[in-house]
Amino acid sequence: MSKLKPCPFCGRTPIIERWSSGGLMYMVKCGNPDCQVPAEGYPCGHDLNKVFEEWSRRADDEQKRNEYQI
Ligand SMILES: [Zn+2]
(Lines give C-alpha, C1' and ligand atoms only; values in the text may rest on other atoms or scores of the structure.)
Protein backbone atom coordinates (compact mmCIF):
# COMPACT_ATOMS: atom_id res chain seq x y z
CA MET A 1 0.00 0.00 0.00
CA SER A 2 1.39 3.42 -0.91
CA LYS A 3 2.14 5.87 1.84
CA LEU A 4 -0.22 8.79 2.29
CA LYS A 5 1.10 12.28 1.78
CA PRO A 6 0.79 14.64 4.73
CA CYS A 7 -2.09 17.08 4.82
CA PRO A 8 -1.40 19.93 2.35
CA PHE A 9 -2.84 22.47 4.77
CA CYS A 10 -1.19 21.65 8.08
CA GLY A 11 1.35 18.90 7.30
CA ARG A 12 -0.13 16.36 9.69
CA THR A 13 -0.49 12.70 8.88
CA PRO A 14 -3.96 11.97 7.54
CA ILE A 15 -6.18 9.30 9.01
CA ILE A 16 -8.46 6.79 7.31
CA GLU A 17 -12.06 6.45 8.37
CA ARG A 18 -14.12 3.49 7.32
CA TRP A 19 -17.78 2.76 7.68
CA SER A 20 -20.42 0.57 6.15
CA SER A 21 -22.78 2.07 3.58
CA GLY A 22 -23.78 -0.31 0.81
CA GLY A 23 -20.37 -1.95 1.31
CA LEU A 24 -17.30 -0.60 3.01
CA MET A 25 -16.63 3.10 2.51
CA TYR A 26 -13.32 4.79 3.12
CA MET A 27 -12.44 8.42 3.69
CA VAL A 28 -9.01 9.99 4.00
CA LYS A 29 -9.13 13.01 6.25
CA CYS A 30 -6.74 15.18 8.17
CA GLY A 31 -6.07 14.01 11.73
CA ASN A 32 -5.94 17.59 12.99
CA PRO A 33 -9.34 18.76 14.29
CA ASP A 34 -8.31 22.41 13.82
CA CYS A 35 -7.34 21.98 10.19
CA GLN A 36 -9.38 23.65 7.47
CA VAL A 37 -11.51 21.21 5.50
CA PRO A 38 -11.13 21.62 1.73
CA ALA A 39 -14.17 23.20 0.07
CA GLU A 40 -14.88 20.01 -1.85
CA GLY A 41 -14.62 17.86 1.28
CA TYR A 42 -12.33 14.92 1.86
CA PRO A 43 -11.98 12.17 -0.74
CA CYS A 44 -14.09 9.09 -0.02
CA GLY A 45 -15.30 6.00 -1.82
CA HIS A 46 -15.50 2.21 -1.85
CA ASP A 47 -12.03 1.70 -3.30
CA LEU A 48 -9.33 2.56 -0.79
CA ASN A 49 -6.66 2.78 -3.51
CA LYS A 50 -8.71 5.33 -5.44
CA VAL A 51 -9.31 7.32 -2.27
CA PHE A 52 -5.55 7.28 -1.64
CA GLU A 53 -4.88 8.47 -5.19
CA GLU A 54 -7.39 11.26 -4.85
CA TRP A 55 -5.81 12.42 -1.61
CA SER A 56 -2.31 12.35 -3.17
CA ARG A 57 -3.49 14.24 -6.25
CA ARG A 58 -5.06 16.97 -4.14
CA ALA A 59 -1.99 17.21 -1.93
CA ASP A 60 0.12 17.69 -5.08
CA ASP A 61 -2.27 20.31 -6.46
CA GLU A 62 -2.21 22.22 -3.22
CA GLN A 63 1.58 22.12 -3.11
CA LYS A 64 1.82 23.46 -6.67
CA ARG A 65 -0.64 26.23 -5.93
CA ASN A 66 1.48 27.29 -2.95
CA GLU A 67 4.64 27.28 -5.05
CA TYR A 68 3.10 29.51 -7.70
CA GLN A 69 2.10 32.06 -5.10
CA ILE A 70 5.69 32.65 -4.04
ZN1 LIG B 1 -4.58 19.25 7.95
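Author: Two strands are taken to pair if DSSP finds at least two bridges between them, where helices (H or I, at least four residues) and strands (E, at least two) are DSSP runs, numbered from the N terminus. The model is a predicted one, in which local features need pLDDT of at least 70 and side-chain atom pairs count only at pLDDT 80 or more, while totals for chains, interfaces and linings use all residues. Residues are numbered from 1 along each chain as its sequence is written.

Reader: How many bridges join strand β1 to strand β2?

Author: Strand β1 (residues 14-20) and strand β2 (residues 24-30) run antiparallel and are joined by 7 bridges, with P14 standing opposite C30 in β2. Their hairpin has 3 residues between the strands, and there G22 takes a positive phi near 65 degrees.

Reader: Where does strand β3 come into this pairing?

Author: Strand β3 (residues 44-45) pairs with β2 in the antiparallel sense over 2 bridges, and Y26 stands opposite G45 in β3.

Reader: Why does N49 count as exposed?

Author: A residue is buried if 20 or more other C-beta atoms, placed from the backbone, lie within 10 Å of its own, exposed if 12 or fewer, and partly exposed in between. N49 counts as exposed because it has 11 C-beta neighbours inside 10 Å; N49 lies in helix α1 (residues 48-69). Across the protein chain, buried residues make up 13% of the 70 residues.
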